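This report describes one protein model and a ligand placed with it. The sequence and structure come first, and the notes follow.

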Amino acid sequence: MPVEAEPGAHSRPGAGRNAASTSDPPGGDRESLIGLTRAELAERLQAVGVPPDRVGMRAKQLWHWIYHRGAVEFDAMTTIGGGVRAALAERYTLARPETATEQRSTDGTRKWLLRFADGREVESVYIPEEDRGALCISSQVGCTLSCTFCHTGTQRMVRNLDAGEIVAQFLVARDSYGEWPSPRGPRLLSNIVMMGMGEPLFNYDNVAKALRIVMDPEGIALSRRRITLSTAGVVPMIERCGADLGVGLAISLHAVRDDLRNELVPINRKYPIAELLAACRRYPGASNARRITFEYVMLKGVNDSEADARALVRLIAGIPAKLNLIPFNPWPGAPYACSPPEAIERFAAIVNRAGYAAPVRAPRGRDILAACGQLKSASTPRPARRRATASPASAPAA
Ligand code: SAH
């Protein structure tokens, strides 16, 4: 049934109010339109009766309302006729995931625990700088990697997030700052780091779909230069990520010898350091202006010696690189301590002298467990046959 009259004819204002409100708790039985491509939006429009010759135009309008204006109600979409709005509201939703908690650190960092329609939860963190800031986005509920120093690694893998759930983390943060319509100039939510829970390159298709949405110039319009994807080293996906998306690359290196990296970042057993660095050397678009970031968590007495620093410099020779030295952020039961400041300074000095920027990442949001490696949600997988239900606190630390 056509829901759209000829151009010029307008349904009465307020039509569509009878339809279920999109501010209902997320889930329901309506499909979310967040995270769909334009072509998929066009299909959904056609499904509610928008004539084929109008779906392209309507999809463009929807996109604008969702990603430029931040609309959460179809009824707010005043450029779209009331009949179409009502039909959309009946079938679809733009509701955000539920914010289970929102915490604010004394240093301005904000952390959201978001609950999706199936009850699964992830955390996202906004780290403000003076007039801008980065949103740290999660890609999975839990993680398969079991890095021994990472809090998320103590949580079992539950599932991948879909593209809508990844984009929704950005929308929630932007809602929280009221930063709609999407600013064309300076903005608080200026950068994205795919450094939250999970391994983004193990959920590549959904991550890529989500990042294409946030980069789209007609919506959120974040430049690929303001997006950094961090990986523990899923070597076969690295080149593709660079070629497809062109976003900045960060590598969670953390050790300069395979024996130690096998222990700290167990995926190293599959993709050892030499292969990982070879993939970095091939990374499309890496240049002195677009350096690859090597993240290195400073673990007391484990990986923080001067010999380690010198070996690091030798390893990355020839790669346009910068270092990100991360003081270890403790979490309850963690088997490591943070390197003392003098050790971190000595390490940084060696790397600096070799010509690499090596800022020490000031821990942010530690008071709300929002710093690197501290994210964790209580979601556990459904109990498997023969496996006792693990309470989050008793999940094995790798
Ligand atoms: N799986 C991806 C994305 C997570 S990024 C990756 O490994 O890169 C999260 C960053 O925080 C990684 O560099 C990770 O190694 C680092 N990290 C994890 N636990 C940490 C901790 N307790 N203290 C400091 N950094 C940590």
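## Overall make-up

Among contacts in the protein chain between residues at least 6 apart in sequence, 71% join residues at least 24 apart. The chain contains 10 helices and 13 strands. Of its 398 residues, 47% are buried.

## Confidence

The model is predicted. Mean pLDDT for the protein chain is 89, with 88% of residues at 70 or more. Over residues 6–24 the pLDDT is below 50, and this stretch has 32 contacts in the model beyond near neighbours in sequence. Residues 383–398 also have a pLDDT below 50. For residues 383–398, the contacts beyond near neighbours in sequence number 17.

In soluble globular proteins, nonpolar side chains tend to be buried together. Here the largest nonpolar core has 118 residues, and Val-167, Ile-192 and Val-214 are those with the most contacts inside it. Helix H5 (residues 204–215) supplies the largest share of this core, 8 residues. Domain 1 (3–93) and domain 2 (98–368) each contribute at least three residues to this core.

Which residues does Val-167 touch, leaving aside its neighbours within four places in sequence? Val-167 is in contact with Ile-34, Gly-35, Ala-210, Ile-213 and Val-214.

## Ligand shell

The shell around the ligand holds 18 residues, of which Cys-150, Ser-230, Ala-232, Cys-372 and Gly-373 come nearest. Strand S10 (227–231) and strand S12 (292–298) are the elements that give two or more residues to this shell. By class, the shell is made up of 10 nonpolar, 6 polar and 2 charged residues.

Helix H3 (residues 82–91) is mostly covered, with 8 of its 10 residues buried. The buried residues are Gly-82, Gly-83, Val-84, Arg-85, Ala-86, Ala-87, Leu-88 and Ala-89. Their cover includes helix H2 (52–69) and strand S2 (92–93).

Arg-91 is also found in helix H3. Arg-91 counts as partly exposed because it has 16 C-beta neighbours inside 10 Å, whereas a buried residue needs 20 or more. Leaving aside neighbours within four places in sequence, Arg-91 is in contact with Arg-30, Glu-31 and Val-48.

Ala-95 lies in the loop between S2 and strand S3 (98–104). With 21 other C-beta atoms within 10 Å, Ala-95 is buried. Ala-95 and Glu-31 are 64 residues apart in sequence, and their C-alpha atoms are 9.9 Å apart.

## The loop between H4 and S9

Arg-184 is placed in the loop between helix H4 (163–177) and strand S9 (191–194). Is Arg-184 buried or exposed? Arg-184 counts as exposed, because 8 C-beta neighbours lie inside 10 Å and the limit for exposed residues is 12 or fewer. Arg-184 and Pro-217 are 33 residues apart along the chain, with 9.9 Å between their C-alpha atoms.

Pro-181 lies in the loop between H4 and S9 as well. The peptide bond from Trp-180 to Pro-181 is cis, with omega near -10°.

## Backbone exceptions

Most residues other than glycine have a negative phi, and most peptide bonds are trans. Two non-glycine residues with a positive phi are described here, Ser-146 and His-254.

Ser-146 has a phi of about 55° and is found in the loop between strand S7 (140–141) and strand S8 (159–160). Ser-146 counts as partly exposed because it has 18 C-beta neighbours inside 10 Å.

His-254 has a phi of about 70° and lies in the loop between strand S11 (248–252) and helix H7 (258–264). Why does His-254 count as buried? His-254 has 25 C-beta neighbours inside 10 Å, and 20 or more is the criterion for a buried residue.

Note on methods: Residues are numbered from 1 along each chain as its sequence is written. This is a predicted model: local features need pLDDT of at least 70, side-chain atom pairs count only at pLDDT 80 or more; totals for chains, interfaces and linings use all residues. A residue is near a molecule or strand if its C-beta atom, placed from the backbone, lies within 6 Å of it. Helices (H or I, at least four residues) and strands (E, at least two) are DSSP runs, numbered from the N terminus. Ala, Val, Leu, Ile, Met, Phe, Trp, Tyr, Cys and Pro count as nonpolar, Asp, Glu, Lys and Arg as charged, and the others, Gly among them, as polar. Two residues are in contact if their C-beta atoms, placed from the backbone, lie within 7 Å. A nonpolar core is a set of buried Ala, Val, Leu, Ile, Met, Phe, Trp, Tyr and Cys residues joined through C-beta atoms within 7 Å. Domain bounds come from an automatic or database domain assignment. pLDDT is the predictor's confidence in each residue, from 0 to 100.
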